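Visitor: I have some questions about the model shown here. Could we go through it together?
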Amino acid sequence: KKSVTIPPMVLGCTVVAIGAHAFEWCQFVPSIILPNTLQTIGEKAFYGCTTIPSFDIPASVTTIGDYAFDYCIGMTYISIPASVTSLPNWTFSSCSALTMVDVASAKPFAISEWVFRYVAADATLYVPAGSRKAYQEAKYWQDFPHIVEGTVLPQTTETFTYETEEG
C-alpha cells in the first residue's frame, strides 16, 4: 500500500480540481495528500475510500461535491477549512468511524440533516474559539454530541482545547 500525493502542477497545468468519481472505491491507499492549489472536490471523488483514516482539505478548496467522502468507513478525522462555506447532501455520511470533525469557520453555515448522517455516535466537532454557542444553536451542527472550542493537531490526533466542553 502506497500513499498518493497529488502534485500542485501536472504537465505545466495547475491542479485545481479532483474530478467526479476520481478515487471512488479506492480501497488500497492508506492516504491521499491534496495540493494547496485545489479549489474543487468533485461529486463522489473519494466515495468508498475505506482505508484512508483522515483528510486535510486544503484552505484553497471552496467547493465540495455531493457524496464526496460518503462511505469512507475508515476515516476518523476530517478538517474543513474556512474557505468551504457549504456542504452538499451526504458529504460525510456513512463515515461510521468519523469521531473528529475540525471546522475552521467561526460562523456555522447551513447544512442538511444528511451531511453527517451515520457518523460515529460519539463524534466531536472542533470549532474556533468563541463559536461554540453558535454551533450549538445551528441546525444539524447541534446534533454533534460534543462541540469543543479548539482544534485537533494534524497527524497526532491530540487535542488543543481553548475551553472545556462544560464551558
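Visitor: Which residues lie nearest the centre of the second largest pocket?
Guide: The model is predicted. F116, R117, V119, Y140 and D143 lie nearest the centre of that pocket, out of 13 residues that line it.

Visitor: How do the residues of that lining divide into nonpolar, polar and charged?
Guide: Nine residues of the lining are nonpolar, one is polar and three are charged.

Visitor: And what volume does the second largest pocket have?
Guide: Its volume is about 210 Å³.

Visitor: Changing topic to the open sheet: in what order do its three strands come?
Guide: The order is β4-β6-β8, and the pairing is parallel.

Visitor: Why is one side of β4 and of β8 left without a neighbour in the sheet?
Guide: β4 (17-18) and β8 (63-64) are at the edges and have a single partner strand each, so one side of each lacks a neighbour in the sheet.

Visitor: Over how many bridges do β4 and β6 pair?
Guide: The two strands pair over two bridges in the parallel sense, with β6 covering residues 40-41. I18 has I41 of β6 as its bridge partner.

Visitor: Now S105. Where is its place?
Guide: S105 sits in the loop between β10 (100-103) and β11 (124-127).

Visitor: Is S105 buried or exposed?
Guide: S105 counts as buried, because its relative accessibility is 11%, and the cut-off for buried is under 20%.

Visitor: Which residues does S105 touch, leaving aside those up to four places away in sequence?
Guide: With those left aside, S105 touches A82, P128 and Y135.

Methods:
Residues are numbered from 1 along each chain as its sequence is written. This is a predicted model: local features need pLDDT of at least 70, side-chain atom pairs count only at pLDDT 80 or more; totals for chains, interfaces and linings use all residues. Side-chain values use heavy atoms; hydrogens and water are left out. On a 1 Å grid over the protein atoms alone, a cavity is a set of points where a 1.4 Å probe fits but cannot get out, and a pocket is an open set with protein on both sides within 12 Å along at least five of seven lines; lining residues have an atom within 4 Å of a point. Grid points are joined across faces, edges and corners, and a volume is the space filled by probe spheres set on the points. Ala, Val, Leu, Ile, Met, Phe, Trp, Tyr, Cys and Pro count as nonpolar, Asp, Glu, Lys and Arg as charged, and the others, Gly among them, as polar. Two strands pair if DSSP finds at least two bridges between them. Helices (H or I, at least four residues) and strands (E, at least two) are DSSP runs, numbered from the N terminus. Buried means under 20% relative accessible area, exposed over 50%, partly exposed in between (1.4 Å probe, protein chains only). Contact means heavy atoms within 4.5 Å.
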